[in-house]
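Let's take a walk through this structure together, one feature at a time. Have the sequence and the 3D view open as you read.

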Amino acid sequence: MTITVRPLAIQAVGAFAGSGTSAARALGSLRLGLKFFEELATLDAAGDPLIGAPTPLDLASVEGVARLVTMAALALGECAAGRDAPPAAVLLCLPQPVEGSFVPAGVLALLSGEAPVPVDRASSRVFPGGRDAIFEALVEAERLLSTRVVQTVYLGGVDSFVDREPLDRALRAGLVKAGAVEGFVPGEGSAFIRLGVGPEPGTLGFITGVATASEPFPRGSHKPNAGDGLARAGRAALAMASTPISDVSAFLHDASGDRFGFREAAMADRKST
């Protein structure tokens, strides 16, 4: 389905991830196909170290909610670097919490207190919906900016599968790549974009089309994902933006850590043309 949002200007980006400690480094690594994998302290069933892509944060010193908040604050700091502006809304996307893991509102409250920019707490929200949380957050960003509740919105997310508890859950569920078994390579990181209503010097681009779709064979269906839902969403978003795919400067990579290397993205790309 298409999601109606007015064009949103992307003014800046920030990132802190296993693939790079800044947006430029992370994106450069993805474009070059670099994967900064290393052995983790956690062992698989055979007693061999799991392979992952952690950030430079010391796991022994920073874990749990503190790890999420620290990564998010670092990405947010890059996104807001050198900006002197009124308090802005922070829209934070998080994984779906499991019992005893974290309280989403608590993560946002801690981030608001440690953020390197003034935060408008009344208009800030958390979206603990997992991978598709950004779509609901984009609708809220458009509402805040179009009604001029705030002048700036920082929209981003953070997650970690390197942290001990989520890694243990994923390992027990058989989702982590171990030996020759297909699975995802656990990583972690955070990324933010700074949004406004119009262009300003240094504007990076615009969000002009947003759409979602459901895959007929998602993870757990035991059938291959051919990217049909992704292709439908792509075609709908391009139509909403009145833009042919040939005019889009983008790249698709296989470093998502997903079970099958995100191969459905390449199939969806061909189906969207």
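Let's begin on the surface, with Ser242. This residue counts as exposed because its relative accessibility is 67%, and exposed means over 50%. Keep in mind that you are looking at a predicted model. To find Ser242, follow the chain into the loop between helix H6 (228-240) and helix H7 (264-272). The backbone deserves a look here: Ser242 is a residue other than glycine, yet its phi is positive, near 55°. As background, most residues other than glycine have a negative phi.

You will find Arg148 in the loop between helix H4 (133-146) and strand S6. Is Arg148 buried or exposed? Its relative accessible area is 67%, so Arg148 is exposed.

Strand S6 leads us to the sheet. Six strands make up an open sheet, and if you read across it, the order is S5-S4-S6-S7-S1-S8. The pairing in this sheet is mixed. Which strands sit at the edges? They are strand S5 (125-127) and strand S8 (205-207), each of which pairs on one side only. From one strand to the next, the twist averages 30°.

In general, strands of a sheet pair through backbone hydrogen bonds, and they can do so in parallel or antiparallel fashion. S4 and S6 run parallel and are joined by 5 bridges. For a landmark, look for Leu92, which stands opposite Gly156 in S6.

With a relative accessible area of 55%, Ala81 is exposed. Now look for Pro116: this residue is 35 residues away from Ala81 along the chain, while their C-alpha atoms are separated by 8.6 Å.

Next come the aromatic rings. How many aromatic pairs does the structure hold? There is 1. Its members are Phe161 and Phe184, arranged edge-to-face, with 4.9 Å from centre to centre and 65° between the planes. Phe161 belongs to the loop between strand S6 (153-160) and H5, and Phe184 to the loop between H5 and strand S7 (188-196), so the pair ties together parts that are 23 residues apart in sequence. The partners can also be described by their accessibility. Phe184 is buried, since its relative accessible area is 13% and buried means under 20%. Phe161, at 31% relative accessibility, counts as partly exposed.

Our last stop is the second largest pocket, whose volume is about 180 Å³. Its lining is made of 15 residues, and those nearest the centre are Leu40, Ala41, Pro54, Leu59 and Val162. Which elements each supply at least two residues of this lining? They are strand S2 (38-43) and helix H5 (164-172). S2 gives the most, with 5 residues. Sorted by class, the lining of this pocket has 8 nonpolar, 5 charged and 2 polar residues.

Notes. Residues are numbered from 1 along each chain as its sequence is written. This is a predicted model: local features need pLDDT of at least 70, side-chain atom pairs count only at pLDDT 80 or more; totals for chains, interfaces and linings use all residues. Side-chain values use heavy atoms; hydrogens and water are left out. On a 1 Å grid over the protein atoms alone, a cavity is a set of points where a 1.4 Å probe fits but cannot get out, and a pocket is an open set with protein on both sides within 12 Å along at least five of seven lines; lining residues have an atom within 4 Å of a point. Grid points are joined across faces, edges and corners, and a volume is the space filled by probe spheres set on the points. Helices (H or I, at least four residues) and strands (E, at least two) are DSSP runs, numbered from the N terminus. Ala, Val, Leu, Ile, Met, Phe, Trp, Tyr, Cys and Pro count as nonpolar, Asp, Glu, Lys and Arg as charged, and the others, Gly among them, as polar. Buried means under 20% relative accessible area, exposed over 50%, partly exposed in between (1.4 Å probe, protein chains only). Rings of Phe, Tyr and Trp (its six-membered ring) pair if their centres lie within 6.5 Å; planes under 30 degrees apart count as stacked, over 60 as edge-to-face and the rest as tilted. Two strands pair if DSSP finds at least two bridges between them. Axes are lines fitted to C-alpha atoms, for helices over the stretch in contact, and angles run from 0 to 180 degrees between N-to-C directions.
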